[in-house]
Amino acid sequence: MRGPLGAVIGRYPSSDGSTQIGGIIRHNRKCRDVAFLVIFIAFWVAMIVNSSFGFNKGNPLRLTYGLDYKGNVCGDRHAHPGLRELELTYWLNPNQVYLSGLKNSQFKLANARSICLLDCPIPSEDALNWVCDYPEGEIRLSVDDWIDRNYDYFEFLTPEMRNTSLQLQGPCYPVIFPSVNVYWRCQYVARASNVSLRHWQQMGGVNINEDIIIDKSIHRSINARSSVLKRYMADIGKSWPVLIVCGGLLPLFLSVIWLLLIRHFVAAMPWITVAVFNILIISVTMFYYLKAGWIGNDAISPIIGAHDPYYRVFGRELNHLRAVAVLMTFIMVVSILTSIAIVRRILMATSVLKVAAKVIGEVQALIIFPVIPYAILGIFYMFWFSAAFHLFSSGQIVQNDCNSNCCAYDLASKRMNCDHCCGYSIRYTPHISVAIFFHLFGCYWATQFFIACSSTVIAGSVASYYWARGETSPEIPFLPVFSSMKRLMRYSLGSVALGSLVVSFVESVRFMLESIRRKLKVAHTTPESCMGKMTYHTSRFCWQCIEWTIRSVNRNAYIMIAITGKSFCRASVIATDLIISNILRIGRVNVIGDVILYLGKLCVSLSSAVFAFLMLDTHKYRSAHNKISSPLLPVLVCWALGYVVATLFFAVVEMSIDTIILSFCQDSEEHQGTAQYAPPLLIQTLGDQNEMQRLTQ
């Protein structure tokens with residue numbers, strides 16, 4: 001039998017054999033797992049260095065806007081010339097765009113001559129419009145005057161410049177095709193203006209290709225995977241007010257309300273939680289149907305600003321929304337059926353939640369305590385997201401190496417320039433991918449660390465309550481929560497760092513294996529035989545079981561760390577032995593309680609998602625400068641942030657239940673099956689034989 005915990009928590013004998021009264025947890029503790037605390041601190045230093053690289057090299061404007069032929073980012077006020085309001089990328093030479101769209105062509109759209117404009121040019125109804133290069137050299141116009149003239153200074157050109165312009169070599173280019181603003185790129189509409197084309201031919205201009213390829217070339221570039229990923233990241237940056245409200249403040253408010261309701265209306269809360277969960281998951285699914293265009297006419301559109309209603313452009317974002325809508329439909333059906341199946345078991349959750357409500361009522365600081373890790377995580381996430389935007393945009397702008405004919409008139413040198421006329425691209429080196437992965441892993445580890453610290457503090461506070469026989473004085477310290485925080489920071493930070501690292505490592509390995517599985521599936525290299533398929537799916541199931549087991553063991557290990565002050569590994573062994581020895585007594589009660597708490601967390605996070613949909617559906621995020629390409633990622637981020645906040649606050653109830661049950665098992669084991677320190681309500685709930693038989697049958 002393990003050593004009694006009565007000497008660790010509660011009354012403990014002094015050296016002369018008498019009972020010592022005073023503190024609840026007075027034990028010969030010492031710092032545990034110090035090496036992992038050093039590793040965690042070193043990791044934070046590496047995170048700061050990694051983030052400083054992003055802040056130094058990155059420019060979040062690259063996530064939204066394109067490049068001009070000089071390598072400037074459109075919309076960048078520090079460019080030359082200043083492009084603060086010129087956010088749209090426009091390709092000047094339609095023949096180069098056509099050439100880039102040919103199947104076997106070596107010419108790439110990135111090498112086509114492009115400039116940054118305020119709006120997309122459209123052909124004139126009775127004349128020929130021109131779009132000219134940035135004014136410099138002999139063209140004595142300011143950028144503002146150039147914009148006011150609709151980018152047209154053809155009348156100021158010398159005969160030589162006019163001749164090169166008619167050869168589509170600049171500095172001015174004809175507006176033959178209308179164009180629309182598609183994600184801040186002016187996409188050609190493959191319907192040439194007959195009036196403009198006739199004027200162009202009368203002036204002796206070279207032949208202009210009118211094939212639909214000119215439309216598809218730009219569209220293919222806009223829908224490239226890298227472009228879509230950049231837009232998703234940019235969406236998060238544009239919707240930062242939504243993240244603060246729906247991912248931070250709203251879940252804070254809802255979580256506190258839920259804890260207060262658990263305190264005062266514990267009998268009704270399991271039923272309310274299940275009902276609200278079903279309503280919310282149906283609402284979120286319907287919102288996805290709306291944005292996917294399957295209900296109503298509110299599907300997302302990649303076109304920004306006013307445009308011809310008969311002209312439609314489809315992007316990858318719409319396909320992603322439809323895929324998520326199908327997935328949410330499946331999840332919704334399974335969730336509703338599962339919630340119906342557990343209705344008969346809700347009474348079990350009510351019984352054990354009453355004990356947690358009693359603890360919250362006695363140790364009232366538990367409701368307020370999660371605000372501390374909430375504030376720390378909030379500051380961390382603001383720093384992390386800012387660094388993430390810079391890391392994702394930290395590629396190097398380099399000039400392409402092309403062998404194509406891209407000659408153009410150079411106003412500065414007053415001659416045709418065929419050297420170094422290739423376009424620019426953003427080149428990402430492999431170490432940037434490693435830096436991004438490191439940054440993502442750091443976010444997950446830090447989140448797990450702060451959640452683990454919060455759980456350990458709550459466990460220590462609740463253990464103080466239990467081993468004092470449920471009394472508030474004189475056994476329990478005046479502020480048990482802050483006493484538990486002091487013990488954590490002084491002795492157990494290394495153990496918590498190790499536990500959070502284990503969870504983060506397992507999740508990272510699972511993520512990498514899942515990525516490999518998807519690549520194999522795309523490459524059609526998955527096993528074909530029945531045995532191979534069975535092994536394939538069994539391995540996935542086993543890995544998920546391992547992940548769930550580690551999470552469960554970690555949570556109970558934090559409880560034993562708070563109680564005993566042991567190292568993480570030793571605390572895990574103690575917790576596992578207790579659970580295995582009492583699995584029939586606590587298993588079903590604990591599982592049903594966890595299910596209700598999990599549904600409660602989902603209620604908070606799904607509420608965040610619903611309000612995020614509503615905020616993103618306002619005019620601010622549907623048009624002009626702040627338009628987002630899709631609500632998908634901002635909503636998912638709000639859901640994830642809401643779940644993290646709910647986890648911090650719901651840990652008060654979750655850890656209270658687990659701590660009391662583990663303490664009850666240890667207490668019963670030390671006293672031949674009769675718990676001596678259990679509060680009366682706990683004895684009434686778990687100690688009554690008839691109640692236990694009903695719960696375990």
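## Contacts and cavities in a predicted model

At 2% relative accessibility, Tyr288 falls under the 20% cut-off and so counts as buried. Below you will find ring pairs, salt bridges and the spaces inside the fold, grouped by topic. A search of the whole structure turns up 30 aromatic pairs, 10 salt bridges and 6 cavities of 30 Å³ or more.

**Tyr288 and its ring partner**

- Tyr288 makes an aromatic pair with Phe613, and the arrangement is edge-to-face, with 5.1 Å from centre to centre and 90° between the planes.
- Tyr288 sits in helix 9 (residues 269–291) and Phe613 in helix 18 (residues 583–616), so this pair ties together parts of the chain that are 325 residues apart in sequence.
- Phe613 has 1% relative accessibility, so Phe613 counts as buried.

- Among the 30 aromatic pairs is that of Phe40 and Phe449, whose ring centres lie 4.2 Å apart with the planes at 25°, so the pair is stacked.

- In general, side chains of opposite charge can pair when their charged atoms come close.
- Lys291 and Asp617 meet through their side chains in a salt bridge, at 2.5 Å from N to O.
- The two partners come from distant parts of the chain, with Lys291 in helix 9 and Asp617 in the loop between helix 18 and helix 19 (632–670), 326 residues apart.
- Lys291 is buried because its relative accessible area is 7%, while Asp617, at 32% relative accessibility, counts as partly exposed.
- Arg622 forms a salt bridge with Asp298, and their closest N and O atoms are 3.1 Å apart.
- Here too the link spans distant parts of the chain: Arg622 is in the loop between helix 18 and helix 19, Asp298 is in the loop between helix 9 and helix 10 (316–341), and the two are 324 residues apart.
- Both partners count as partly exposed, Arg622 at 39% relative accessibility and Asp298 at 23%.
- What joins these two salt bridges? Lys291, Asp298, Asp617 and Arg622 are linked in a network of salt bridges.

**Arg113 and its two contacts**

- Arg113 forms a salt bridge with Asp133, with the closest N and O atoms 3.2 Å apart.
- Arg113 lies in the loop between helix 2 (94–101) and strand 4 (114–117), and Asp133 in the loop between strand 5 (130–132) and helix 3 (143–148), so their pairing ties together parts that are 20 residues apart in sequence.
- Arg113 and Asp133 are both buried.
- Arg113 also lies over the face of Tyr69, at 3.7 Å from the ring centre.

- Val73 is found in the loop between helix 1 and strand 3 (88–91).
- With a relative accessible area of 4%, Val73 is buried.
- From C-alpha to C-alpha, Val73 and Ile115 are 9.8 Å apart in space, and they are 42 residues apart in sequence.

**The largest cavity**

- The largest cavity holds about 60 Å³ of space.
- Its lining includes Thr64, Tyr183, Trp184, Arg185, Lys627, Ile628 and Ser629.
- Which element gives the most to this lining? Helix 7 (residues 225–238) does, with 4 residues.
- By class, the lining of the largest cavity has 4 nonpolar, 2 polar and 5 charged residues.

**The second largest pocket**

- The second largest pocket has a volume of about 660 Å³.
- The pocket is lined by 30 residues, and those closest to its centre are Asn297, Asp298, Ala299, Ile300 and Ser301.
- Asp298, one of these, is the residue that forms the salt bridge with Arg622.

Note on methods: Residues are numbered from 1 along each chain as its sequence is written. This is a predicted model: local features need pLDDT of at least 70, side-chain atom pairs count only at pLDDT 80 or more; totals for chains, interfaces and linings use all residues. Side-chain values use heavy atoms; hydrogens and water are left out. On a 1 Å grid over the protein atoms alone, a cavity is a set of points where a 1.4 Å probe fits but cannot get out, and a pocket is an open set with protein on both sides within 12 Å along at least five of seven lines; lining residues have an atom within 4 Å of a point. Grid points are joined across faces, edges and corners, and a volume is the space filled by probe spheres set on the points. Ala, Val, Leu, Ile, Met, Phe, Trp, Tyr, Cys and Pro count as nonpolar, Asp, Glu, Lys and Arg as charged, and the others, Gly among them, as polar. Rings of Phe, Tyr and Trp (its six-membered ring) pair if their centres lie within 6.5 Å; planes under 30 degrees apart count as stacked, over 60 as edge-to-face and the rest as tilted. Buried means under 20% relative accessible area, exposed over 50%, partly exposed in between (1.4 Å probe, protein chains only). A charge sits over a ring if NZ of Lys or CZ of Arg is within 6 Å of the ring centre and within 35 degrees of the ring normal. A salt bridge is a side-chain nitrogen of Lys or Arg within 4 Å of a carboxyl oxygen of Asp or Glu.
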